[in-house]
Amino acid sequence: MISLRRSAIAAASLVALLAVPVAANAHRQWLLPSATVLSGNDPWITVDAAVSNDLFYFDHMPMRLDGIAVIAPDGSKSEIKNGATGKYRSTFDVQLDKPGTYKITNVGEGLMASYKLNGETKRWRGTEAELATAIPKDATEVKLTQSQRRLETFATRGSPTKDALKITGKGLELEPVTHPNDLVAGEPATFKLMLDGKPAAGVEVEVVPGGNRYRSGTGEMKLTTDAQGAFTVKWPGAGMYWLEAGVRGGKATVPNAERNASYVTT
């Protein structure tokens with residue numbers, strides 16, 4: 001959430017979309033917290049998780065919760081509570097039982113393959129562990145694609161902290177320069193995209209404000225990272241925003257595979 005005044009910062013969530021940039025009318029994945037900056041002795045948030053055509057509106061399918069993880073302010077892992085999946089969305093609660101910033105993530109990866117067998121094109125989708133026995137030895141024209149996706153959002157109890165924001169060095173990740181829960185409308189915020197722990201230069205970043213279901217336009221911004229992987233956003237107004245970036249190429253962990261890495265944040 002981008003606030004109008006620093007004294008009333010509600011929260012800034014970066015939604016990490018884990019895919020190559022998509023068209024405005026394509027399905028988008030997102031995590032939407034009920035609040036992003038909180039106080040008190042025992043604050044909680046509820047997070048909606050879905051895939052939809054319109055941002056933050058439930059109209060397509062729920063996000064599965066088996067990949068959700070919560071990083072507490074001290075870097076330890078916390079747990080989601082009261083998880084439930086319905087027709088169009090999943091929901092879960094997070095108890096902010098420690099002061100500082102939490103990172104809520106959904107991380108996954110998979111493999112896709114196409115090949116020819118007896119002159120017929122075949123396709124397969126699965127995990128790296130299944131690959132060895134999935135494709136016949138006499139298959140030809142084998143093409144492998146490894147996808148890595150990461151969705152994130154952030155919430156802070158009290159003063160913002162940085163331990164939970166540390167990157168893992170795997171796939172496409174966001175390294176905040178400006179803290180993601182200290183964003184203000186009309187003021188610039190800077191972030192870095194890192195690919196396998198190194199600056200991801202020349203990557204297109206799409207930033208889209210929520211609440212656009214009944215608007216004639218989506219109001220999206222297109223930005224490009226510099227040589228250090230950095231980009232700067234000047235928020236045009238208060239509210240929740242969805243941010244997405246994706247890259248093709250780089251080093252895949254599977255031999256002979258092309259790698260697609262994506263990042264989304266709210």
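Student: Which residues touch the most other members in the largest nonpolar core?
Tutor: Leu31, Ile45, Phe92 and Ile104, out of 26 residues in that core. A nonpolar core is a set of buried Ala, Val, Leu, Ile, Met, Phe, Trp, Tyr and Cys residues joined through side-chain atoms within 4.5 Å. Buried means under 20% relative accessible area (1.4 Å probe, protein chains only).
Student: Which strand gives the largest share of this core?
Tutor: Strand S4, with four residues. Strands here are DSSP runs of E, at least two residues, numbered from the N terminus.
Student: And what does Phe92 touch?
Tutor: Its contacts (heavy atoms within 4.5 Å) include Leu31, Ile45, Val47 and Ile104, leaving out residues up to four places away in sequence.
Student: New topic. How far can I trust the model?
Tutor: This is a predicted model; local features need pLDDT of at least 70, side-chain atom pairs count only at pLDDT 80 or more, and totals for chains, interfaces and linings use all residues. Residues are numbered from 1 along each chain as its sequence is written, and side-chain values use heavy atoms, without hydrogens and water. pLDDT is the predictor's confidence in each residue, from 0 to 100. The chain's mean is 88, and 90% of its residues reach 70 or more.

Terms used. Buried < 20%, exposed > 50% of the residue type's maximum accessible area, 1.4 Å probe, protein only.
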